[in-house]
Amino acid sequence: MESHVVVIYPHPDDEAFGAAGTITHFREQGVPVTYLCGTLGEMGRNMGNPTFANRETLPSIRKQELIQACEVLDVDLRMLGYRDKTLEFESREKIAEHLLTYLQDLQPSLVITHYPAYAVHPDHNAFGAAAIDAINRMEHEKRPKVWAQAFSRTHLEDLGEPDVSIDVTPYFETKFKTISAHRSQAAGVLGSIDPDTGDLADIIKEKLTTEQFYTWNFIE
Amino acid sequence: MKTIVTEIVQEKLEQFLNQDVYIHIETTNGAYASHHNAKAYNAGVFMRNATIRYEQAKITGDESSYRIGLKTTNGWVYAEGIRQYEIDNQDRLLLAGHDQEGRLMVALQISATPFSN
């Protein structure tokens, strides 16, 4: 059993779409979960549908949505204060040092983050890389396990099948509530799924009923 | 945001004439454009808190797509695809265009004070 799980993603709603079921799985076991959320998704282009946000109101709206989502998930939330879309241009070293201060404090047994270079959004790739850099700096025996999430078009081809696959069907309701808490984003993100690429039921099943990760292999 | 009323926007544009103003300008097709459609690729640009001073400003076009042009002392600021506006509680002029799903495609915002970082 895990002692503490830390989720490191850059955007409010990454936790909802990517790991809400897995988080619920751990919370039901009584495992504490902390979400280190990098930005407030300030540059998101979804403004609700119909639109109710604008570029200047979006940060505070998404902050409230994030707080609400974390209440649904019953997790401890830390907002790290970076700006959406800019993570890859920040010093990776500085972000890694920043993340390390949280990891030293929280001493997780498991970290969930994005798989660098295989997580589509440049913020995902940059933040995942910084998270892994941070853990690399820890003493070997203090390092948590890392589950890295990949979903680029080529991830299966390049990385093979993920070794961790969580069936989140039992937690579907919580996952759906968590996604719905991100009211400004939910409709747009789900609406952008292209039904031409497959049967919609299959897409939803694939997207929302399993959460998959690769256990990161730290090379000594 | 509200549907463009050209008279209101034109008047507001002119209130900012000949003074230093802060601009947020942006266009994007989203961070997932190529992920959702292999034939597409991501394109976007934003600039936040550029300071400019313009001496002439006009809104043209129609409800399908308005255009804004600001003539500065040594160049231009241009935005196309504007359909909505808002004058917010900080007296800033926010202009934007969204797609059918409410996703922002273009924004041009003008303020006498800096936009939050």
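## Ground rules

Two strands count as paired if DSSP finds at least two bridges between them. Helices (H or I, at least four residues) and strands (E, at least two) are DSSP runs, numbered from the N terminus.

This is a predicted model, so local features need pLDDT of at least 70 and side-chain atom pairs count only at pLDDT 80 or more, while totals for chains, interfaces and linings use all residues. Residues are numbered from 1 along each chain as its sequence is written, and chains are lettered from A and ligands numbered from 1 in the order in which they are written.

## The sheet in chain B

Chain B has an open sheet of 6 strands, running E1-E7-E8-E9-E2-E3 with antiparallel pairing. At the edges sit E1 (2-3) and E3 (44-52) of chain B, each pairing on one side only.

E1(B) is tied to E7(B), residues 84-87, by 2 bridges, and the two run antiparallel. Look for B:Thr3 here: its bridge partner in E7(B) is B:Gln84.

## Chain A overall

Chain A carries 8 helices and 7 strands. Its C-alpha trace spans about 50 × 35 × 35 Å along the principal axes. Of its 220 residues, 48% are buried (20 or more other C-beta atoms within 10 Å of the residue's own, C-beta atoms being placed from the backbone).

Counting contacts as C-beta atoms, placed from the backbone, within 7 Å, 18 residues of chain A touch 22 residues of chain B. The chain A side divides into 4 nonpolar residues (Ala, Val, Leu, Ile, Met, Phe, Trp, Tyr, Cys and Pro), 5 charged (Asp, Glu, Lys and Arg) and 9 polar (the others, Gly among them).

Conventions
Buried ≥ 20, exposed ≤ 12 C-beta atoms within 10 Å, placed from the backbone. Contact = placed C-beta atoms within 7 Å.
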